[in-house]
Amino acid sequence: MRSLRTAEPLPPEVVDGVRERLARTGATLTPEVVAAALREEGRPVGDATVLAVHEALRHDVLGAGPLEPLLRLPGVTDVLVNGPDAVYLDRGNGLERTGTRFPDDAAVRRLAQRLAGSVGRRLDDATPYVDLRLPDGTRLHAVLAPLSRPGSVISLRVPRRTVFTLEELVERGTVTVEGADLLGRLVRSRLAFLVSGGTGTGKTTLLSALLSLVDPAHRLVIVEDASELRPDHPHVVGLEARPPNVEGAGEVPMRVLVRQALRMRPDRLVVGEVRGAEVTDMLQAMNTGHEGGCGTLHANSAADVPARIEALAMAAGMSQPAVHSQLASAVDAVVHLGRGGDGSRRVAEVGVLVRSPSGLVRVEPALGFGPGGSVLRHPAAELLARRLDGQRAGQGERAEPARPGAAP
C-alpha cells in the first residue's frame, strides 16, 4: 500500500474563524473578503495564507472539497475517507493512503451532508447513511459517526469517462488474449451470461467493454440501481432505480424497471447489478425469448453463483425447484473476476451452468486464467464450445471431458 503525499492542511482554527465570520456577514467568498476576515481575526494576511484559506473554503462549498484533486487524478476508481485522518484512493492497483486530511470529523460530516443535499437527499442523525449518484455520475456512500468509526466515512466510486475496449483490458492484464477472444464469441453468440466477482473487481468495467461489442443494430436496455454502465454502443436505453424521498414516497425499485424494460423491445436486456427481488423477473425474461441477456452479481467464486441466485430468488418468494429450473434454461455461462495479490483485477474463470440429476444447477469450470497468461482447460470446455456453436442440448446436458488441446 503506497503513500501519496499532499500539502499539509492549514490549522483548523484559522479556516474555522474565517468561515464563521463569513457566515455571520453573508459576504461572498473572495480573496479580498478572506483577507479582511483574517485581519479582523488578528491573523497574518500574506498572499500565500489568503489564497490557502480561500482555496480551503472554496473546496468546502464547491465540488468534493479536499477530495476534488484526488478525484481528478488519472485512473482513479475509488476515493475512501475513513474519518478525518485517513483518506485512500484506488487507481486500479490496490489502495494507496494519501496525505489528504480533514480538520476534524465535523468537516467530513459537512462534506457528506453537502454532497447528499446536492441531489435532494437527507443525511443527519435521523438518517445517518446514504447511497446515491451525484450529478456527474460519481457514486456516493456515506455513514455518519458514531455509527461508523474512527469517524464519519465517505466512499466515492468514480465513473470512467471513457469506456475501456476489450483490447485495452488485454493491455492492462485484466484478461488474456485467449480470454478476450472467448468473451467476444460469448457476446456474438448471444449466450446469456453473468459477470461475477467481489466488490471492486471490475465487473462493471468488463461488462461495459463486452456490451460495446454488441451488434450496432441491436437495442440495449440497461436496468441499474445506480447508473454506471456506459457501453460504447449507438442504441442504449438506461433505466435507473429511484430511492424514496425524505417523506418515504416516490420509490421506483429495480424489479419494476425490469418489468418496464421488457415492454421496450429490448434485443438485449441488461441488469447492471442483480442483488434483490429483480432476479426473478430477470430469470423469467431470459426464459421468454430475450437472448443475450446479461448482468453482474456479487459472488466469491463462479461456483457460488447458483447459491447466490437461489438466496435472492427464494427471498423474493420463488421456490428452490423453480429457481433452479429457471436458472438452468436462462443462463449459459459465468465470467468470474478476482483480485491478484498485488491488487490487480483480472478474469479468473469462465464456467458453464449445468443441471444435475437432482434438479439443482451447478457451475462447471470451463477455463481458468492464471497470472502471466496461463490457461487451464477443464472438462466443461467442450460443453462451452458447443454452446458457443449454438448446440445447446438443454437442461439435462452434462460436462464431458475435453479432447487434448481442445479450446472453445
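Visitor: In this predicted model, which residue of β14 does Ala333 stand opposite?

Guide: Strand β13 covers residues 333-339 and pairs with β14, residues 345-355, in the antiparallel sense over seven bridges. The two strands form a hairpin with five residues between them, and Gly343 in the turn has a positive phi of about 90°. Within this pairing, the residue of β14 that stands opposite Ala333 is Val352.

Visitor: Which residue in β13 does Val195 stand opposite?

Guide: Strand β8, residues 193-197, runs parallel to β13 and is joined to it by four bridges. Six of the seven residues of β13 are buried, so this strand is largely enclosed by the rest of the structure. Both Val195 and its partner are among the residues in contact with Leu206, leaving aside neighbours within four places in sequence; the partner opposite Val195 is Val335.

Visitor: Is Arg265 buried or exposed?

Guide: Arg265 is found in the loop between α9 (254-262) and β11 (268-274), and its phi is near 50°, a positive value in a residue other than glycine. Buried would require a relative accessible area under 20%, and exposed one over 50%. Because the relative accessibility of Arg265 is 56%, this residue counts as exposed.

Visitor: What is omega for the peptide bond that joins Arg149 and Pro150?

Guide: Most peptide bonds are trans. Pro150, however, lies in the loop between β6 and β7, a loop that also holds Pro146, where the bond from Ala145 is cis with omega near 10°. The bond joining Arg149 and Pro150 is cis, and its omega is about 15°.

Key
Residues are numbered from 1 along each chain as its sequence is written. This is a predicted model: local features need pLDDT of at least 70, side-chain atom pairs count only at pLDDT 80 or more; totals for chains, interfaces and linings use all residues. Side-chain values use heavy atoms; hydrogens and water are left out. Contact means heavy atoms within 4.5 Å. Buried means under 20% relative accessible area, exposed over 50%, partly exposed in between (1.4 Å probe, protein chains only). Two strands pair if DSSP finds at least two bridges between them.
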